[in-house]
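The overall build of the chains follows after that.

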Amino acid sequence: MVTVLVILGYIIIGFIEMVPLYKKKQKKELVLYSVTFTIAFGMSLLISVGVKIPSPAEPIKKIVLVILGK
Amino acid sequence: MNKEVISDKQGIFIIVMFIMGTSTMLVTGLEAKKDLWLADILAIIMAVPVLGIYARLHYIFPNKDLFDMLVLCFGKFIGKGIGILYVWFTLHLSSLILMNIGDFITISALSETPKEVVKLFTSILAIWIVKEGIEVMSRWSDFFLPFMVVGIVLTILLLMTKIELNNIKPLLYEGMSPVFKGAFEAFSFPFAETVVFTMAFCKFRRKNSPYKIYLLGLFVGGILILSISTIDILVLGVNNASSLYFPSYSTVSKIDIGDFVQRLEIIAAVMFMLGAFLKFSICLMATTKGITKVLGYKGYRFMVIPIALIILSLASIVHDNIMDLIEWDQSIWPYYAFLFQVVFPMLIFIVAEFKRKYGKLKT
């Protein structure tokens with residue numbers, strides 16, 4: 001159910017936002033937009049399905065601890 | 001058309017509101033225990049030179065933001081590399097703030113609502129305000145800050161009957177070292193986070209106004225933070241304040257005057273939310289500006305929605321729960337943020353001053 005809502009939401013947002021960019025022929029902007037939009041879509045989809053994505057906080061913690069020498 | 005100039009007063013207001021943002025909910029510097037007020041004063045003193053450097057950078061590079069400064073100082077390759085690190089920093093910071101907002105609302109007020117709903121609606125509002133630009137944001141803070149300040153002063157006055165002075169005695173019982181630790185934590189959590197403004201601001205009315213905006217904003221915001229955290233310790237005591245997730249919220253709920261004036265915490269929650277919302281929108285704006293500047297685009301407004309969607313997803317994976325967040329905030333965040341808040345601005349400052357002296361700086 002949640003997954004369907006997520007997909008629907010992304011389709012609506014993508015339609016509203018990307019069509020004007022396409023009509024104005026801003027190709028460069030469209031490329032960046034679609035790349036980030038796809039990343040966001042992938043993340044939301046995985047979260048809604050229930051896949052556990054590794055948190056970025058853990059590697060940062062390890063790096064900081066290595067630099068501090070603890 | 002889109003000049004994005006802000007006046008001195010609006011700049012000060014927006015910085016005060018940013019500093020008060022989430023640090024009124026999560027009281028920082030609790031490692032200093034009873035001497036929290038001393039740690040807060042130390043943190044403000046530590047923050048003065050650092051914010052002076054940010055203001056100086058705005059003075060040296062008029063009408064530029066941090067990403068332009070990086071490219072001007074270190075050349076295209078290294079400058080853009082550091083710029084990408086900054087984009088990651090603001091992205092991470094905004095997802096932490098968003099997570100904080102979601103947890104605060106679900107724990108304090110709407111206990112049956114899923115966190116994602118709260119986060120979603122906050123982000124929709126933030127997208128709207130960021131698309132309108134910094135001028136609207138500063139007028140928004142111009143409107144709401146007086147309510148926040150009046151509310152905070154009023155709650156402090158109403159709490160006067162609950163104060164227990166023994167909660168902060170004896171002074172310096174455990175020596176100076178926990179005070180320094182707490183001061184470092186408080187320095188990196190609300191005060192030096194204003195580094196985000198070097199990315200969000202770029203035009204001022206006068207050449208000297210950055211100094212006034214940053215330092216006066218720090219001073220007013222610092223006094224408000226100091227009074228809030230001191231009143232928390234005075235009312236709740238150290239042990240209670242450290243074991244609660246949101247000490248200020250519990251402090252306000254202690255207000256009880258003649259069995260008539262009570263349960264004011266929801267008003268306080270609304271006030272905390274105003275600051276947190278502004279902080280989130282500023283961070284979102286900095287991230288969007290950063291990613292478009294680094295990749296060489298003109299204008300940032302078209303990228304607001306995908307970035308906000310990434311932040312929305314990141315906010316639900318970055319930490320499992322609020323305990324994890326608070327623990328991470330205390331042990332890792334100050335060192336991690338030190339790189340972005342002090343080291344890089346210091347480097348830019350030194351390089352820019354040298355280049356200026358030998359006349360190689362093109363602004």
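Over all chains, the count comes to 30 aromatic pairs. The rule takes rings of Phe, Tyr and Trp (its six-membered ring) whose centres lie within 6.5 Å; planes under 30 degrees apart are stacked, over 60 edge-to-face, and the rest tilted. A pair of aromatic rings is described by the distance of the centres and the angle of the planes. One of the pairs joins Phe89(B) and Trp333(B). Helices here are DSSP runs of H or I with at least four residues, strands are E runs of at least two, and both are numbered from the N terminus.

Are these two residues buried or exposed? Both Phe89(B) and Trp333(B) are buried. Buried means under 20% relative accessible area, exposed over 50%, and partly exposed in between (1.4 Å probe, protein chains only). Another pair is formed by Phe354(B) and Tyr358(B). Its planes are at 15 degrees, so it counts as stacked, with centres 6.4 Å apart. Phe354(B) is partly exposed at 49% relative accessible area. Tyr358(B), at 56%, is exposed. Phe89(B) and Trp333(B) also belong to one aromatic cluster with Tyr86(B), Trp328(B), Tyr336(B), Phe340(B) and Phe344(B).

This is a predicted model: local features need pLDDT of at least 70, side-chain atom pairs count only at pLDDT 80 or more, and totals for chains, interfaces and linings use all residues. Residues are numbered from 1 along each chain as its sequence is written, chains are lettered from A and ligands numbered from 1 in the order in which they are written, and side-chain values use heavy atoms, without hydrogens and water.

Stay with helix H3 of chain B, which also holds Asp103(B). Asp103(B) is buried because its relative accessible area is 3%. Leaving aside neighbours within four places in sequence, its contacts (heavy atoms within 4.5 Å) are Lys115(B), Phe246(B) and Ile322(B).

Now move to the loop between helix H1 (8–20) and helix H2 (36–60) of chain B, where Ser23(B) is found. Ser23(B) has 5% relative accessibility, so it counts as buried. Not counting residues up to four places away in sequence, Ser23(B) touches Phe189(B), Pro190(B) and Ile225(B).

Step back to the whole of chain B. It has 14 helices and 4 strands. The radius of gyration, taken over C-alpha atoms, is compared with a globule rule of 2.2 Å times the number of residues to the power 0.38. For 363 residues a compact globule would be near 21 Å; chain B has 20 Å, which agrees. Its C-alpha trace spans about 65 × 45 × 35 Å along the principal axes. Of the 363 residues, 59% are buried. Among contacts between residues at least 6 apart in sequence, 83% join residues at least 24 apart.

What pattern does chain A follow along its sequence? Chain A reads α-α-α, with 3 helices and 0 strands. A compact globule of 70 residues would have a radius of gyration near 11 Å, but chain A has 18 Å. Its C-alpha atoms fill a box of roughly 55 × 35 × 10 Å along the principal axes. Buried residues make up 30% of the 70 in chain A.
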